[in-house]
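This report goes through the sheets, helices and a few single residues of one protein model. Please keep the sequence and the structure at hand while reading.

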Amino acid sequence: MKTAIVTLVSSWIGLCAFVSPAIGEAVAEVAGSRPNILLMLIDDLGWADPGFHGGNAEVTPRMDRLAGQSAHFRQFYVQSVCAPTRAALLTGRYPFRMWMDWRSEDLGKPDYLELLGLELAYNERGEETRMIHGLDPGERTVADALQEAGYFTALIGKWHLGEWLEEHLPMSRGFQHQYGHYGWGIDYNDYAIPHNAPARFAVYDWHRNQQPLNEQGYTTDLLANETVRLLSQHPDDQPFFMFVSFNAIHGPLEEIPRYTDRYNKRDAALKCLDDAVGRIVSAVEQHGFADNTLIILTNDNGGLRPEFNAPYRGTKNTNYEGGVRVPCLMRFDGRLEPGAVIQGMMHVMDLMPTFITLAGADPRQERPLDGLDMTATIFDGASSPRREIVFEVSESVRPPAIRSGDFKLIGDELYNLARDESETTDLADEHPEIVRKLRARLEEWGNERPPLSDLIGEEPLLMDPPLPYIYGQAENRAAPEWVKERIRAIRATQPTEWAPGETPWPQAPKDGKIIYTGDGR
């Protein structure tokens, strides 16, 4: 551990030298300047969805306005599904290091468990249930680092890094304020997650500061309301980190409150999201924070359909470019040139060390970061220091995948992204030496995955009861009667029988590919 800390300290000393005015005046101006940071993360947006990427400009006028005020990142990468991206973002480390390439709900799905040679868990009463999984409490998060540096930290929206034990919930992970839901997705109007695999019935999942919350409204609007409220009440003398993690436009897409007379459900939901983004950005301006706030708008993975991600191949839950290359805008008035295009390769885990630099926070920690400080790339036009991204290693849901320079290996397929960004031509047979090299590199990385026992333990912790009324173990123990009544009413409307082999959730990808037929729920 001491070696890792010394390494990080040495890196910090080097950074301090690096940001001297002689090397990068713009970097020297922002490093340690303690700006406010507003990070808006969309869910399941495709590359081609917003108007600024060629989508329907009628649907995203406020995002497009923000795009006109922002720098654009052309090679901004994430993981292929929700929870791994969030783990990488919050820890600055590859998700496989803490088994967060597996979502908590995956440990309740038999077809996913088969990939690890595991079977569905049963409690002592013989009931099917899931093994509990969440972000390792030993990981330091960016919220921890920024709170230590004096920032107010708030999570508004989707968490998806553990929904049961208190040690996995946001207020144990560096966030002073929490509002929203813990699990993968909820109905936008009744705030219930449709199923709790392996259980096939709903669970209530709406909370403020980790207490059950009873309110009315459409979640996209409510998340904007909460963010605007926090901005209106925030003092000028304390920097803030607000992580606004939308559940939009993830399914289930049921009742959309407006725009369905003009658009299909998905586009109507996207336009409601656009309203929310516009309201939040306007609140930053209205309350006098614009001059010292870094605003970031990005997405957690690709869209569900190939056409949503054009010109890139693939979808969410695949490691083709359409699944992992996402829109990213950054606005910082007076420090980032509107309309600037940053071509360098960047991964969402690079945000943590970059935020630490901007905040003047302490970079020292026991577990070394995989993320790279991109301050010079973002603010001074320097080349990106990132040359490699590991998307998957062995024992993941999807085949091992890596990008190294221009080449990308996905399972047995090899692509040259400099010449073929749409990944139409597999070059594995033409370049066997590159395939061997990248496989060897993936094996090196895979050897750094902790043992499977770190995921499940000798005696796995099980969710009990298998079908709670509300997420959060403590909240469920004291669930108010209104929660119980509401969830009973929702469950009474849900199917009680399923055909053999059918489930209310999508099945695991096969050979790194998946076809979504629903709305991703």
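The model is predicted.

Strands of a sheet pair through backbone hydrogen bonds, either parallel or antiparallel.

Leu 297 has Leu 329 in β14 as its bridge partner.

**The four-strand sheet**

Another open sheet has 4 strands in the order β17-β18-β19-β20, with antiparallel pairing. Its edge strands are β17 and β20 (413-416), and each of them pairs on one side only. On average, neighbouring strands of this sheet are turned by 10 degrees against each other, direction ignored.

Strand β17 (residues 388-392) and strand β18 (residues 401-404) run antiparallel and are joined by 4 bridges. Two facing pairs can be picked out: Glu 388 stands opposite Ser 404 in β18, and Val 390 stands opposite Ile 402 in β18.

How many residues of strand β17 are buried? The count is 5 of the 5, so β17 is largely enclosed by the rest of the structure. Helix α12 (residues 432-446) lies across β17, β18, β19 (407-410) and β20, and runs at about 65 degrees to β19.

**Helices packed on α8**

Two packed helices are described by the angle between their axes and the distance between the axes. The table gives these values for two pairs that involve helix α8 (residues 265-286).

| Helix pair | Angle between axes | Distance between axes |
|---|---|---|
| α3 (residues 61-68) and α8 | about 45 degrees | 7 Å |
| α7 (residues 219-233) and α8 | about 5 degrees | 9 Å |

The angle makes α7 roughly parallel to α8. In this contact, residues of α7 including Thr 220, Ala 224, Val 228 and Leu 231 meet residues of α8, among them Leu 273, Ala 276, Ile 280 and Val 284. The residues of the contact of α7 with α8 divide into 9 nonpolar, 3 polar and 2 charged.

Helices α3 and α8 are instead oblique to each other. Here Pro 61, Arg 62, Met 63, Arg 65 and Leu 66 in α3 meet residues of α8 that include Leu 270, Lys 271, Asp 274, Val 277 and Glu 285. By class, the contact of α3 with α8 has 7 nonpolar, 1 polar and 6 charged residues.

Which residues of α3 are buried? They are Met 63, Asp 64, Leu 66 and Ala 67. Seen down the axis of α3, these buried residues fall within an arc of 155 degrees, so they line one face of the helix. Their cover includes β1, β2 (71-73), α8, β13 and β14.

Helix α10 (residues 351-359) is mostly covered, with 9 of its 9 residues buried. Among them are Leu 351, Pro 353, Phe 355, Ile 356 and Leu 358. Just after α10 comes Gly 360, which takes a positive phi of about 65 degrees.

**Two residues**

Is Arg 86 buried or exposed? Arg 86 belongs to helix α4, and its relative accessibility is 1%, so it counts as buried. Leaving aside its neighbours within four places in sequence, Arg 86 is in contact with Leu 41, Asp 43, Lys 158, Trp 159, His 160, Leu 161, Ser 245, Phe 246 and Asp 300.

Ala 26 is found in helix α2 (residues 25-30). At 23% relative accessibility, Ala 26 counts as partly exposed, because buried means under 20%. With neighbours within four places in sequence left aside, Ala 26 is in contact with Phe 379 and Asp 380. Phe 201 lies 175 residues from Ala 26 along the chain, and the C-alpha atoms of the two are separated by 53 Å.

Note on methods. Residues numbered from 1 in each chain as written. Predicted model: local features only at pLDDT ≥ 70, side-chain atom pairs only at ≥ 80, totals over all residues. Heavy atoms only, no water. Buried < 20%, exposed > 50% of the residue type's maximum accessible area, 1.4 Å probe, protein only. Pairing = 2+ DSSP bridges. Axes fitted to C-alpha atoms, helices over the stretch in contact; angles between N-to-C directions. Parallel < 35°, antiparallel > 145°, perpendicular 65-115°, else oblique. Contact = heavy atoms within 4.5 Å. Nonpolar A, V, L, I, M, F, W, Y, C, P; charged D, E, K, R; others polar. Arc of directions from axis to C-beta.
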